[in-house]
Amino acid sequence: MSLDAVLARIDADLPKSIDRLMELLRIQSISTDPAYKAEVDSAADWLVADLASIGIAAEKRPTTGHPMVVGHVGEENSDAPHLLFYGHYDVQPVDPLELWKTPPFEPQLEDTPAGKVIRGRGASDDKGQLMTFVEACRAWKAVNGTLPCRITFFFEGEEESGSPSLVPFMEANAEELQADLALICDTSMVSRGVPSIASQLRGMLKDEFTITGPRIDLHSGHYGGPGLNPLREMARLVASFYDEDSGRIAVEGFYEGVHEVPADQLRQWQGCGFDEQDYLTSVGYSVPHGEKGYSTLEQQWARPTLEVNGMWGGYTGAGSKTVIPSQAHCKITCRLVGDMDPDALRGKIRKHVEERLSPDATVEWDQDLEGSPAPVMNITRPEFEAARGALSDEWNREAVFTGMGGSIPVAGFFKSVLGLDAMLIGFANDDDAIHSPNEKYDVTSFHKGIRSWARVLEALTKSA
């Protein structure tokens, strides 16, 4: 099998590859909003048809929520390694729509000072990343008539809405999803042009609570002063989560299970090409605002957080309405590291709030519990070094093992449900504006991402 010929085919077919990605990006597969259920279903159908077009037997599999797409190829390569590739085809909502410079589901190529980009919702997270692998397989098949190893394709349609069907589906289809190694393309490079393999991620805990004061909204002239205002109560409670002097979370027991980063790993991170000032200024910051005594990279990869994602209540329309609202609401998430237990932490946060409630205030907690621990990858496996070498060859600089600030629960589920180690390789950049208006994916990331996967497939096949 000729890798050079595959790479040349990728280069020649790049315009067609971009056109296919544009087709997928036009599908409004917002999984969290029931109004887009048919669009999510259409995205699954599109992927099934696209995989079938390159000779991969694929099916749309129903779940209690949105469908999974599962495909298999290369069963004739019984002596070659068996890889499972995961990506997700659903996307985040586009709000606030007015901040988009172009329609989010009318993708287009755009010239920027940093190079040409593909602009549109899902371009980076995760349709563009998913398609880098599919396009690499397309080129391999076109040149060689077959792929170098066995591959199972596993595409999810609920990643952006908490993956409620993922674990039940994996448990019900565990035998079919067995492989030697899982590959995930839903991550970023540590800095532009620096190929990266994630060695650890942060886990996730989500919670939501409502503070109730008076049984109805009250006239602020009649009750302003003696009346407890739930919005003020909420603000006081949220402020109590933090020690402003140290930047640490002030919830008792919050840091149980958190470990310091070993010195040798810190040295690797310091040399990985991360530009702190660029990271901060690209989104409008001038200084880091996290835990004092830790670098920006440590704060992002190796320290836990408690973030307020939304607070609301009372009147929010035009003009003024002089009320003391009956209720105030808050959504929070925590990024977890090390051995932090999401269930135990949830109890500590709730206790913190409940012990500080004022008289006449009550709290109600959301019962839709979500949480996952922090995954750590087994980078001692020889496949990781083989992949690192392949990435280094493509990007003409040494690939690095990095941490990640984000949470990709499927990496942990592959281990806990299927017993699979996962390798996370992605080509996004920090300025891709994922989950935000004007999301984009660099054409260089897409192009070299496809080439990278072609090299990785060859390297993993030879390392077996």
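Guide: One term is needed at the outset: a residue is called buried when its relative accessible area is under 20%, and exposed when that area is over 50%, with partly exposed in between. Note also that this is a predicted model.

Visitor: Which residues of helix 3 are buried?

Guide: Val40, Ala43, Ala44, Trp46, Leu47, Val48, Asp50 and Leu51 are the buried residues of helix 3. They pack against helix 2 (14-25), strand 1 (57-61), strand 2 (68-73), helix 4 (127-144) and strand 6 (150-156).

Visitor: What span is expected of helix 3 at 1.5 Å a residue?

Guide: The expected span is 24 Å, and helix 3, with 17 residues (37-53), reaches 25 Å from its first C-alpha to its last, which is close. Just after helix 3 comes Gly55, with a positive phi of about 80°.

Visitor: How do you know whether Val251 is buried or exposed?

Guide: The relative accessibility of Val251 is 3%, so Val251 counts as buried; the cut-off is under 20%. Val251 sits in the loop between helix 7 (230-239) and helix 8 (263-270). Leaving out residues up to four places away in sequence, Val251 touches Phe241, Leu306, Lys348, Ile349 and His352.

Visitor: Is Glu135 buried or exposed, and what makes it so?

Guide: Glu135 has a relative accessible area of 4%, and therefore it is buried. This residue belongs to helix 4. Its contacts, not counting residues up to four places away in sequence, are Ser17, Arg20, Phe446 and Ile450. Glu135 and Ala123 are twelve residues apart in sequence, with 15 Å between their C-alpha atoms.

Visitor: Why is Asn396 called exposed?

Guide: Because its relative accessible area is 72%, and the limit for exposed is over 50%. Asn396 lies in the loop between helix 12 (382-395) and strand 16 (400-403). Although Asn396 is not a glycine, its phi is positive, at about 60°.

Visitor: Why is His435 called partly exposed?

Guide: His435 has a relative accessible area of 39%, so it is partly exposed; the class lies between the 20% and 50% limits. His435 is in the loop between strand 17 (422-426) and strand 18 (440-442). His435 is another residue that is not a glycine but has a positive phi, here about 70°.

Visitor: Which residues have the most contacts inside the largest nonpolar core?

Guide: They are Phe154, Phe155, Phe414 and Trp453, in a core of 92 residues. Helix 14 (residues 443-463) gives the most to this core, with nine residues. Apart from this core lies another, of 25 residues, among them Leu205, Ile211, Ile249 and Cys330. In soluble globular proteins, nonpolar side chains tend to be buried together.

Visitor: What does Trp453 touch?

Guide: Trp453 touches Phe85, Thr132, Phe133, Ala136, Leu183, Cys185, Ile425 and Phe427, when residues up to four places away in sequence are not counted.

Visitor: How many cavities of 30 Å³ or more does the structure hold?

Guide: The structure holds one. The largest cavity has about 30 Å³ of space. Its lining consists of Tyr86, Glu156, Glu159, Ser163, Leu166, Ile408, Pro409 and Val410. By class, that lining has five nonpolar, one polar and two charged residues.

Visitor: What is the volume of the second largest pocket?

Guide: The second largest pocket has a volume of about 260 Å³. It is lined by 16 residues, and the closest to its centre are Gln200, His259, Gln265, Gly338 and Val376. The lining divides into ten nonpolar, four polar and two charged residues.

Visitor: Where are cis peptide bonds found?

Guide: One joins Asp95 and Pro96, with omega about -5°. Pro96 is in the loop between strand 3 (82-88) and strand 4 (108-112). Another joins Asp125 and Asp126, with omega about 5°. Asp126 is in the loop between strand 5 (115-119) and helix 4.

Notes:
Residues are numbered from 1 along each chain as its sequence is written. Side-chain values use heavy atoms; hydrogens and water are left out. On a 1 Å grid over the protein atoms alone, a cavity is a set of points where a 1.4 Å probe fits but cannot get out, and a pocket is an open set with protein on both sides within 12 Å along at least five of seven lines; lining residues have an atom within 4 Å of a point. Grid points are joined across faces, edges and corners, and a volume is the space filled by probe spheres set on the points. Ala, Val, Leu, Ile, Met, Phe, Trp, Tyr, Cys and Pro count as nonpolar, Asp, Glu, Lys and Arg as charged, and the others, Gly among them, as polar. Helices (H or I, at least four residues) and strands (E, at least two) are DSSP runs, numbered from the N terminus. The expected span of a helix is 1.5 Å times one less than its number of residues. Buried means under 20% relative accessible area, exposed over 50%, partly exposed in between (1.4 Å probe, protein chains only). Contact means heavy atoms within 4.5 Å. A nonpolar core is a set of buried Ala, Val, Leu, Ile, Met, Phe, Trp, Tyr and Cys residues joined through side-chain atoms within 4.5 Å.
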